[in-house]
Amino acid sequence: MAAAMLGSIATPICAVAEESEAVEMQDGEIQDDGILEYVALGDSISNGYSADPESEIISYPQLIAHDLEEMAGEDVELSKDTKNGLTTTKLNSVILKRKQVQESLQKADFVTVTIGANDLMNQFKKVSKEILNNNTKFSTANQALAALQDGIKANPLLLVKVVSAISNWDYTSFEDDWKLTMENIDSMRPANSEMIVTTIYNPVESMELPGTLNSIVEGLISKMNDIIVSYADDYDYKVVELLDSGIGEKVQSDGLHPNQEGQQLICDLMEETATSEPFEEIREYREEQEREKQEALEAAKRQKEQEEAEKQKQI
């Protein structure tokens, strides 16, 4: 199903934005050239990472672009500047330094950002290596967490060290990176563009971590999310809350990344949060579809009742 849908939405969506035909007006706003410019920035979540090489995941930016075209009648140019494993630091120091990304942002109508989970997951990898005195280079946070679990089972006293190391993580460094990244994005995008960012959900929610460790992780995530929310007014973005969205129940076999239902959930939350006119049209379209569905159900019910009544008359 995902592959079939991807085929239907891939043609009108460009992975890299071409040079804009937009004309800059005197007040600094971008004149409408009939194309809705959508820039998606972020990590493996917005990249549509699939834990199964045989399975294709349609990312939420692709889903949003598809809805904008099919439900709002927009001609969408999607610049999907996303990368697996990307941290907030690398988003700012690498992705945002690219000329193509800067040009895309300068003409953007709509921007989405999902970043921060890898900042936390890299800390897990670091702690695992230090606490376990393990020279293994963990390629994924999953491997690091699995090693931690095994280590704690073999030596329960390690839990104290792990909790101490993770709880002492200087998450203020994340705040500095977040602030600088938002400042750079905000300085490049048009004043009349709309930007939505996501908070971080618990990437280890499905793993059987010791209760104390899990509470520490959730506490760190809450603090990181507080940072994300606190700068919304400063950099004019809206926030989609993922921590309590139920997305933890919609993950792939790796227990970390959203499955197709999870990607759809983020898409839906984004579209509910956006306030620009095209998203109003999407909501109106869905409301109309729901009305038609209910009317069809009611008509079918009345038809069935009439048929039952006719049968009763013939008895």
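Here are a few questions and answers about this predicted model.

User: Which helices does the salt bridge between Arg286 and Asp67 tie together?
Analyst: Happy to walk through it: the closest N and O atoms of Arg286 and Asp67 are 3.1 Å apart.

User: Is Asp67 buried or exposed?
Analyst: The cut-off for buried is under 20% relative accessible area. Asp67 has a relative accessible area of 6%, so Asp67 is buried.

User: Where on helix α8 do the buried residues lie?
Analyst: Good one to check in the viewer. In α8 (residues 158–167), Leu158, Leu159, Val162, Val163 and Ile166 are buried. They cover an arc of only 135 degrees around the axis, so they share one side of α8.

User: How many residues of strand β2 are buried?
Analyst: Strand β2 runs parallel to β1, joined to it by 8 bridges. Within this pairing, Ile35 has Asp75 as its bridge partner. Strand β2 is largely enclosed by the rest of the structure, because the number of its 8 residues that are buried is 6.

User: Which strand holds Glu194, the salt-bridge partner of Lys238?
Analyst: The side chains of Lys238 and Glu194 meet at 2.9 Å, N to O. Lys238 sits in strand β5, 44 residues away from Glu194, which belongs to strand β4.

How values were computed: Residues are numbered from 1 along each chain as its sequence is written. This is a predicted model: local features need pLDDT of at least 70, side-chain atom pairs count only at pLDDT 80 or more; totals for chains, interfaces and linings use all residues. Side-chain values use heavy atoms; hydrogens and water are left out. Buried means under 20% relative accessible area, exposed over 50%, partly exposed in between (1.4 Å probe, protein chains only). Helices (H or I, at least four residues) and strands (E, at least two) are DSSP runs, numbered from the N terminus. Two strands pair if DSSP finds at least two bridges between them. The arc is that of the directions from the helix axis to the C-beta atoms. A salt bridge is a side-chain nitrogen of Lys or Arg within 4 Å of a carboxyl oxygen of Asp or Glu.
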